[in-house]
Amino acid sequence: MKNKITCRPCKEQNNWEIEDQTGKVLDTNTIYPTAPQNDVEGSKKVLINLIKKYQPDLVLMDMNMPERDGLQGIMEIAKLDLGTKVLALSGYDDADLIYRAMKVGACGYVLKTMVSAQLIHALDEVASGKVYLPPVLTS
């Protein structure tokens, strides 16, 4: 494993709080200081800069973010050619979206309705180099 970072919603600031493997909360403003909220290009630069800096093994990419395109995020991560795997996360079991996510570089696709044990299993599968699709989508 390269570096472990944890992201969680930070409701007070209406954005994400990012923590590194030592437990230190990272300030995204030091990574890309001019990314105002609801700025798609700025948000994309923050994402790319975080991935370049920490080179995570795996990214869980929400496909349905407001004002952001998960497919574009997957393509941007793939362009970096760092070997970072992407697991697409969505509330929709839309066959076309699944196909497009996998085509642009996702290594798997999970639903937001999955129980935590299934999500952990999916993360483990993708991290170990396998492709993951939940059984509900493959039956």
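Q: Does Asp81 count as buried or exposed, and at what relative accessibility?

A: This is a predicted model, and Asp81 counts as exposed in it, with a relative accessibility of 68%. The cut-off for exposed is over 50%.

Q: What is the phi of Asp81, and where does the residue lie?

A: Most residues other than glycine have a negative phi. Asp81 has a positive one, near 55 degrees. Its place is in the loop between α3 and β5.

Q: What is the phi of Gln55?

A: Gln55 also has a positive phi without being a glycine, here near 40 degrees. Gln55 sits in the loop between α2 (40–54) and β4. At 33% relative accessibility, Gln55 is partly exposed.

Q: Which residue just after α5 takes a positive phi?

A: That residue is Gly129, with a phi of about 95 degrees.

Q: How do I read the helix α5 itself, and which of its residues are buried?

A: An α-helix has 3.6 residues a turn, so residues three or four places apart point the same way. Helix α5 covers residues 116–127, which makes 12 residues. From first C-alpha to last, α5 reaches 16 Å, close to the 16 Å expected at 1.5 Å a residue. Its buried residues are Ala122, Glu125 and Val126. They cover an arc of only 90 degrees around the axis, which means that they lie on the same side of α5.

Q: What do the buried residues of α5 pack against, and which exposed residues are on the face turned away?

A: The buried residues pack against β4 (58–62), β5 (85–90) and β6 (108–111). On the face turned away from the buried side, α5 carries the exposed residues Ser116 and Ala117.

Q: How many residues are in the largest nonpolar core, and which have the most contacts inside it?

A: The largest nonpolar core has 22 residues. Those with the most contacts inside it are Met61, Met63, Ile74, Ala88, Ala101, Tyr109 and Val110. The elements giving two or more residues to this core are β4, α3 (70–80), β5, α4 (95–103), β6 and α5. Strand β5 gives the most, with 4 residues.

Q: Which residues does Ala88 touch?

A: Leaving out residues up to four places away in sequence, Ala88 touches Met61, Met63, Ile74, Ala101, Ala106, Gly108, Tyr109 and Val110.

Q: How many salt bridges does a search of the whole structure find?

A: Side chains of opposite charge can pair when their charged atoms come close. The search finds 4 salt bridges. One of them joins Lys112 to Asp62, with the closest N and O atoms 3.1 Å apart. Lys112 lies in the loop between β6 and α5 and Asp62 in strand β4, so this pair ties together parts that are 50 residues apart in sequence. Lys112 is partly exposed at 43% relative accessible area, and Asp62 is partly exposed at 21%.

Q: Which residue forms a salt bridge with Glu125?

A: The partner is Lys130, and the closest N and O atoms are 3.9 Å apart. Glu125 is one of the buried residues of α5, whereas Lys130 is partly exposed, at 45% relative accessible area.

How values were computed
Residues numbered from 1 in each chain as written. Predicted model: local features only at pLDDT ≥ 70, side-chain atom pairs only at ≥ 80, totals over all residues. Heavy atoms only, no water. Expected span 1.5 Å × (residues − 1). Buried < 20%, exposed > 50% of the residue type's maximum accessible area, 1.4 Å probe, protein only. Arc of directions from axis to C-beta. Contact = heavy atoms within 4.5 Å. Core = buried A, V, L, I, M, F, W, Y, C linked by side-chain atoms within 4.5 Å. Salt bridge = Lys/Arg side-chain N within 4 Å of Asp/Glu carboxyl O.
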